[in-house]
Amino acid sequence: MESSSSSTLAVAQQGFTRLQQGLATGEWEPFLEMLTEDCTFSFPAGSYKGLHQGKIMLAKFLNYATESVFKNGLLLTLQQITSNETTVVFEVYSEGKMWEKPYQNQAAIAFDIQGDRICSYREYLAVVFTLPS
């Protein structure tokens, strides 16, 4: 029998792969299928700053990200995964064009898992600057 932590990790990894694909392509349905209806999400900046509830609200946020902010897609490169019985954190490097300007950042994306669904999505950003040499 699979332990709850390995099941949690497997569900989260599937969700993360679908999130990566959504950010790259704007196709969100596969990721949204993995969410509970009453999921929560939090984001640290912009018009969606703060804590929000509901799959519909998260869908609006994700569509805004790919239709307005990252029109050419955003690529996430996984750096590290940390997990426990209910939560999985993905440390990522992101790269793309934000409002048509070059964008690079490091972030942590946390999923809380309930059964075979994601019930919470939290994102933490770190701004990466390129310093002149």
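Predicted model: local features only at pLDDT ≥ 70, side-chain atom pairs only at ≥ 80, totals over all residues.
Biologist: Let's begin with the aromatic rings. How many aromatic pairs does the structure hold?

Modeller: It holds twelve aromatic pairs. One of them joins Phe 43 and Phe 61.

Biologist: How do you know whether Phe 43 and Phe 61 are buried or exposed?

Modeller: Buried means under 20% relative accessible area. Phe 43 has 16%, so Phe 43 is buried. Phe 61 has 7%, so Phe 61 counts as buried too.

Biologist: Why is the pair of Tyr 48 and Phe 61 called edge-to-face?

Modeller: Their centres are 5.2 Å apart and their planes stand at 65°. Edge-to-face needs an angle over 60 degrees, so this pair is edge-to-face. Tyr 48 lies in the loop between strand 1 and strand 2 (50–53) and Phe 61 in helix 3, so this pair ties together parts that are 13 residues apart in sequence. At 16% relative accessibility, Tyr 48 also counts as buried.

Biologist: Now to Phe 111. Why is Phe 111 called buried?

Modeller: Phe 111, which lies in strand 5 (residues 101–114), has a relative accessible area of 0%. The cut-off is under 20%, so Phe 111 is buried.

Biologist: Which residues form an aromatic cluster with Phe 111?

Modeller: Phe 16, Trp 28, Phe 31, Phe 90 and Tyr 121 form one aromatic cluster with Phe 111. Leaving aside neighbours within four places in sequence, Phe 111 is in contact with residues including Phe 16, Phe 31, Phe 90 and Tyr 121.

Biologist: One last stop, Arg 122. What makes the link between the side chains of Arg 122 and Asp 112 a polar contact?

Modeller: The two side chains are joined at 3.0 Å, and the cut-off for such a pair of N or O atoms is within 3.5 Å. Arg 122 lies in strand 6 (residues 117–127). Besides Asp 112, Arg 122 touches residues including Ser 42 and Thr 87.

Conventions:
Residues numbered from 1 in each chain as written. Heavy atoms only, no water. Helix = DSSP H or I, 4+ residues; strand = E, 2+ residues; numbered from the N terminus. Polar contact = N/O pair within 3.5 Å; in protein donor to acceptor, adjacent residues only side chain to side chain. Contact = heavy atoms within 4.5 Å. Buried < 20%, exposed > 50% of the residue type's maximum accessible area, 1.4 Å probe, protein only. Phe/Tyr/Trp six-rings, centres within 6.5 Å; stacked < 30°, edge-to-face > 60°.
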